[in-house]
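Trainee: Could you walk me through reading a structure like this one?
Mentor: Gladly; let's look at it together.

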Amino acid sequence: MRTRDRLVIWIAIGLVLLSVVWALRDLRVSSPAPTQPTILALTPEMMSLVTGDEPLVEILTRPGCPVCHIIPGIPGATGQVGPPLVLGTTGPQRLNDPGYRGQAKTVHEYIVESVLEPQRFVVRGYPEKAMPTWYGSKLSALALEKIASYLERQTEGSSAP
Ligand code: HEC
């Protein structure tokens, strides 16, 4: 093949690639933003205060915990974004983790801390910034108490409250 022929072929290939890139670029610009699961768009403004007087299922469901967590005894709580909330089993492991730098001395305190300041200790293998950081302004102290009391009693393999 002569050099000029080869040059022509390469230019043709180049043009095809360019048009493909261009087409993809247009595609990206024109396609609507991907619809995300509602929970990822959950903002504090969308949620009213959970006072703690609600039934426990509601206390855990209204803030969207089931979307990201498996919670024994809570219908539909099958989320896999975060660890299963079986703190009766996992709580002591977290407190004994050499990487734990929080203030909690008990599993109960650890749960409250995890909800108020999720970034303080990130469970290995899970995303760092997934859990909302504003629950402190939307869950009353009573609601948090009830959440912690419930979760600290859940153990791996348990299915009832
Ligand atoms: C958008 C997803 C998401 C939502 C909603 C969410 N979490 Fe989480 N949660 C995570 C992730 C991811 C982790 C693990 C990373 C970390 O430790 O910050 C986590 C960690 C935790 C932990 C520590 C668990 C452990 O095994 O040490 C607790 C406790 C917890 N969440 C409770 C809750 C409660 C209660 C709610 C609802 C009020 C909630 N989470 C809502 C994603 C979420």
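We take the metal site, then a salt bridge.

Mentor: This is a predicted model, in which local features need pLDDT of at least 70, side-chain atom pairs count only at pLDDT 80 or more, and totals for chains, interfaces and linings use all residues. Residues are numbered from 1 along each chain as its sequence is written, and side-chain values use heavy atoms, with hydrogens and water left out.

Trainee: Which protein donors does the iron atom of the ligand have?

Mentor: Donors are N, O and S atoms within 2.8 Å of the metal (3.2 Å for Na, K and Ca); water is not among the atoms, so sites may look incomplete. Here the protein donors are H69 (NE2) and M131 (SD), 2.0 to 2.2 Å from the iron. H69 sits in the loop between helix 3 (65-68) and helix 4 (87-96), and M131 in the loop between helix 5 (107-116) and helix 6 (141-151), so the two tie together parts 62 residues apart in sequence. Helices are DSSP runs of H or I, at least four residues, numbered from the N terminus.

Trainee: Is H69 buried or exposed?

Mentor: Buried means under 20% relative accessible area, exposed over 50%, and partly exposed in between (1.4 Å probe, protein chains only). H69 is buried at 10%, while M131 is partly exposed at 28%.

Trainee: With which residue does R124 form a salt bridge?

Mentor: Side chains of opposite charge can pair when their charged atoms come close. A salt bridge needs a side-chain nitrogen of Lys or Arg within 4 Å of a carboxyl oxygen of Asp or Glu. R124 pairs with D97, the closest N and O atoms being 2.9 Å apart. R124 is exposed at 66%, whereas D97 is buried at 16%.
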